[in-house]
Amino acid sequence: MSPLPLLGFVAWSGTGKTTLLERLIPHLVARGLRLGVLKHTHHAFDMDQPGKDSHRLRQAGATQVMAASDRRHALIRETPEGEPPFEALLARFDTSALDLLLVEGFKHRRFPKVELYRAAIGRPLLFPDDPDIVALVSDAPQATTLPRFPFEDLEAIADFICARLPPHEPRQAPPPLRLCARLLAALPPSAEHGVVPGLLSQDEAGTLLVRPVDGGHDSANCRIERAPGSAALPPGERVMVRLPTGAPP
């Protein structure tokens, strides 16, 4: 089983598992949790789009296709041999980058779960026959000693989930971002440890441009860095700039 804490959400089809998770996840993220989601779906699903390059490559016969960019990547793998084992799916997640893995479906697997129940669905409750169910979200009171929450009380559900997690230390903020930019105006010797206020911008070609400011005319959005005590730098030189927190260019 995964070393990462798991919490499942199980229910009969039509109860609204995905809708609840969609509304609940922002409450958990606001508490500082890094979340992953594993969702069980029907056998014929396809995340790819006909006509896209990745779809064309799969149609040509590739059984594994990864699409990657600077923002995200996804691997699509054909499994004609059947659904992969639950543990194999869990192993695909980068547990070092997550605090909790939410699992939608997989109700017959052994791990902690929250049951969702709506009387209008007309199906029996799951928790009497599943000792792994630790809480109930329902639209009406039920005869149970399990913690029960209405669908609308997302804050209480989030509190319950967070209380189950091991305490984690606050993550350190990333170091200030440093970029390399082209200097537009002469940079005089700095009296402040080689760091002066600057104004960072970008031209139509995507080149980063920076010029020093004295604070009297422009609001600085970066700090220009260079070796302490260095001589004046002429325009056109490459210099390092640092973005202050909350002040992107």
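I started with W12: the charged end of R123 sits over its ring, 3.8 Å from the centre. I count a charge as over a ring if NZ of Lys or CZ of Arg is within 6 Å of the ring centre and within 35 degrees of the ring normal.

A note on the source: this is a predicted model, where local features need pLDDT of at least 70 and side-chain atom pairs pLDDT 80 or more, while totals for chains, interfaces and linings use all residues. Residues are numbered from 1 along each chain as its sequence is written, and side-chain values use heavy atoms, without hydrogens and water.

Next I looked up K113, whose charged end sits over the ring of F111, 5.2 Å from the ring centre.

Rings of Phe, Tyr and Trp (its six-membered ring) pair if their centres lie within 6.5 Å; planes under 30 degrees apart are stacked, over 60 edge-to-face, and the rest tilted.

How many aromatic pairs does the structure hold? I found 3. One of them joins F86 and F106, tilted, with 5.0 Å centre to centre and 45° between the planes. I checked burial too (buried is under 20% relative accessible area, exposed over 50%, partly exposed in between; 1.4 Å probe, protein chains only). F86 has 0% relative accessibility, so it counts as buried. F106, at 9%, is buried as well.

I then turned to F149 and F160, a tilted pair at 5.5 Å centre to centre and 55° between the planes. Both F149 and F160 are buried.
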